[in-house]
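Open the model in your viewer and keep the selection panel at hand. We will go stop by stop.

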Amino acid sequence: MGAGPSISQTLNGMERATAVSAEFALDFMFWPTKDVGWFIEPTWSVNPKNGQQSAAVGIGILIGFPKP
């Protein structure tokens with residue numbers, strides 16, 4: 001579980017701006033084998049100035065390194 005600041009910038013359209021918001025994330029990791037796993041990370045953010053909210057999900061692969 002994590003929380004922290006998020007900075008985003010709109011690069012297209014009429015309203016180009018930079019926004020600062022708060023982001024909250026959960027991080028789930030699964031290791032079906034000793035050296036290879038995967039993760040899923042749902043996030044939610046809210047901009048305190050205008051109340052705009054967004055949600056996203058990130059997924060990826062994890063590669064473990066053997067201990068020397």
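Which residues lie nearest the centre of the largest pocket? Select Ser8, Ala19, Ser21, Asn47 and Gln52. They are among the 22 residues that line the largest pocket.

Before going on, some ground rules. This is a predicted model, in which local features need pLDDT of at least 70 and side-chain atom pairs count only at pLDDT 80 or more, while totals for chains, interfaces and linings use all residues. Residues are numbered from 1 along each chain as its sequence is written, and side-chain values use heavy atoms, with hydrogens and water left out.

**Stop 1: the pocket**

The largest pocket holds about 370 Å³ of space. A pocket here is an open set of points on a 1 Å grid over the protein atoms alone, where a 1.4 Å probe fits, with protein on both sides within 12 Å along at least five of seven lines; lining residues have an atom within 4 Å of a point. The volume is the space filled by probe spheres set on the points, which are joined across faces, edges and corners.

Now colour strands S1 (2-9), S2 (18-25), S4 (36-46) and S5 (53-63). Each gives two or more residues to the lining of the largest pocket. S2 gives the most, with five residues. Strands are DSSP runs of E, at least two residues, numbered from the N terminus.

By class, the lining has seven nonpolar, 13 polar and two charged residues. Asp, Glu, Lys and Arg count as charged; Ala, Val, Leu, Ile, Met, Phe, Trp, Tyr, Cys and Pro as nonpolar; the others, Gly among them, as polar.

**Stop 2: strand S2 and its partners**

Show S1 beside S2. They pair in the antiparallel sense over eight bridges. Strands pair if DSSP finds at least two bridges between them. Select glycine 4: its bridge partner in S2 is glutamate 23. Four bridges join S4 to S2, and the two run antiparallel. Glutamate 23 stands opposite serine 45 in S4.

**Stop 3: serine 6**

Select serine 6, in strand S1.

**Stop 4: aspartate 27**

Move to aspartate 27, in the loop between S2 and strand S3 (28-30). Aspartate 27 is partly exposed, with a relative accessible area of 40%; partly exposed lies between buried and exposed, the latter being over 50%. Its C-alpha atom is separated by 6.1 Å from that of methionine 1.

Definitions and conventions: Buried means under 20% relative accessible area, exposed over 50%, partly exposed in between (1.4 Å probe, protein chains only).
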